Amino acid sequence: MKERTKVTIIGAGNVGASTAQRMVERGDVDVVLLDIVEGLPQGKALDIQESANILGFNSKITGTNNYADTADSDLVIITSGLARKPGMSRDDLLIANQKIVGEVVGNAAKQSPDSIIIVATNPVDAMVYLAVNVSKFPRNRVLGLSGVLDGSRFATFIVDELKVSIQDVSPCVMGEHGKSMVIIPRLTTVKGVPLTQLLTTERIKQLGERAVNGGAEIVGLLKTGSAFYAPSAAIAQMAESVILDKQRIMYCSARLDGEYGLSKVSLGMPVKLGVNGIEKVIEYNLTADEKTALANSAKAVQELIAVMKI
Ligand code: NAD
């Protein structure tokens, strides 16, 4: 009989712990939660485990500070690192998080050489690029959290505006998880109807800007941390497509090798997610303006990659 899928989550902070909770509540995966702080992952894991009798799940969750406990994971989710404080951009986290992500990916990849890695730590596109280099995994086995979250934020504002069901909104958000994010209204649909037919260009622009600044809006309100409920929901959905080999098309950060004429960069793309991680980067027929926006976004990420000197 096949053992249950083993998922390691590195970083037992807001995003990591909340992702761990979502994963074990599925009931069909076991989770190892690792953090550098002693007691933190053990305490959070025990607290989550003690909800099993109430919620009726059979999953096991273990907290640890030791990479040996992560050995042979199928999926490794990286959430360790600094989060933004009010007034900070994601790029301000680059050097500090480069050090953390470099170290944890090296350790995790050694223990789980066949795993798929999902990176959340910001600035995520640069961190995905780094994680491919450090793990030496083929690029299909490393992806990043971006457009699933950004699109869900955009969808929230579309629903408020149009008073439609959230289930009928299909957002299209590509490019950097940051200021140069590329929202494509033409390919964002409400039950198949392009957003461009439902709202004025000006109104779409306003809603899009709110989505681009969606993370900062929450940091500004929380003051002591950044978003984690929607991010963990996004990670869990990406993980599910991999674990169950669903082959869903989702917007995730992927290392490019010529797609859309871009390479030496990781960027938010429509990708098919299955048991091999990124099964395929889907290439849309973009307009000249959309292509330009994507190329500018790639340039912004490449500037960050250059700063990392890897
Ligand atoms: P947090 O501060 O709550 O948690 C971070 C955890 O990482 C802490 O528990 C810390 O002890 C741990 N950590 C630090 N260095 C470590 C190391 N070397 N090894 C193991 N653990 C280590 O932060 P958070 O809110 O959970 O956010 C985590 C990261 O995710 C941030 O970089 C944030 O910007 C990013 N994030 C990304 C997205 C996205 O869409 N890509 C969304 C939300 C958050």
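Predicted model: local features only at pLDDT ≥ 70, side-chain atom pairs only at ≥ 80, totals over all residues.
**Helix α8 and what follows**

Helix α8 covers residues 214-222, and its buried residues are G214, G215 and V219. Seen down the axis of α8, these buried residues fall within an arc of 135°, so they line one face of the helix. An α-helix has 3.6 residues a turn, so residues three or four places apart point the same way.

What comes just after α8? There, K223 takes a positive phi of about 65°. K223 is a residue other than glycine. K223 is found in the loop between α8 and α9 (229-243). Is K223 buried or exposed? K223 is exposed, with a relative accessible area of 56%.

D245 also has a positive phi, near 50°, and is a residue other than glycine. D245 sits in the loop between α9 and β12 (248-257). Its relative accessible area is 35%, and D245 is partly exposed.

**The sheet of 9 strands**

Next come the strands. An open sheet is formed by 9 strands, in the order β3-β2-β1-β4-β5-β6-β12-β13-β14, and the pairing is mixed. Which strands stand at the edges? They are β3 (61-64) and β14 (277-281). Each has a single partner strand, so one side of each is left without a neighbour in the sheet. On average, neighbouring strands of this sheet are turned by 35° against each other, direction ignored.

Look at one pair within the sheet. Strand β1 (residues 5-10) pairs with strand β4 (residues 75-78) in the parallel sense, over 4 bridges. V7 stands opposite L75 in β4.

A helix lies across part of the sheet. Helix α2 (residues 40-49) lies across β2 (29-34) and β3. The angle between α2 and β3 is about 165°.

**The sheet of 3 strands**

Another open sheet has 3 strands, in the order β7-β10-β11, with antiparallel pairing. Its edges are β7 (169-170) and β11 (193-194). Each edge strand has a single partner strand, so one side of each has no neighbour in the sheet. β7 pairs with strand β10 (residues 189-190) in the antiparallel sense, over 2 bridges. Which residue in β10 is the bridge partner of S170? The partner is T189.

**Around the ligand**

How many residues surround the ligand? There are 29, and the closest are N14, V15, D35, L82 and A120. The table lists their distances.

| Residue | Part of the residue | Distance to a ligand oxygen atom |
|---|---|---|
| N14 | backbone N or O atom | 2.9 Å |
| L82 | polar backbone atom | 2.6 Å |
| H177 | N or O atom in the side chain | 2.9 Å |

T19 belongs to helix α1 (residues 14-24). Is T19 buried or exposed? T19 counts as buried, because its relative accessibility is 0%. The cut-off for buried is under 20%. The side chain of T19 reaches the backbone oxygen of V15 at 2.7 Å. Leaving out residues up to four places away in sequence, T19 touches I9, I77, S232 and I235.

T292 is found in helix α10 (residues 288-308). At 43% relative accessibility, T292 counts as partly exposed. A polar atom of the T292 side chain lies 2.8 Å from the backbone oxygen of A288. T292 and V182 are 110 residues apart along the chain, and their C-alpha atoms are separated by 10.0 Å.

**A cis peptide bond**

Which two residues does a cis peptide bond join? The bond joins N122 and P123, with omega about -5°. P123 is found in the loop between β5 (116-119) and α5 (124-135).

How values were computed: Residues numbered from 1 in each chain as written. Heavy atoms only, no water. Buried < 20%, exposed > 50% of the residue type's maximum accessible area, 1.4 Å probe, protein only. Arc of directions from axis to C-beta. Pairing = 2+ DSSP bridges. Axes fitted to C-alpha atoms, helices over the stretch in contact; angles between N-to-C directions. Contact = heavy atoms within 4.5 Å. Near = heavy atom within 4 Å. Polar contact = N/O pair within 3.5 Å; in protein donor to acceptor, adjacent residues only side chain to side chain.
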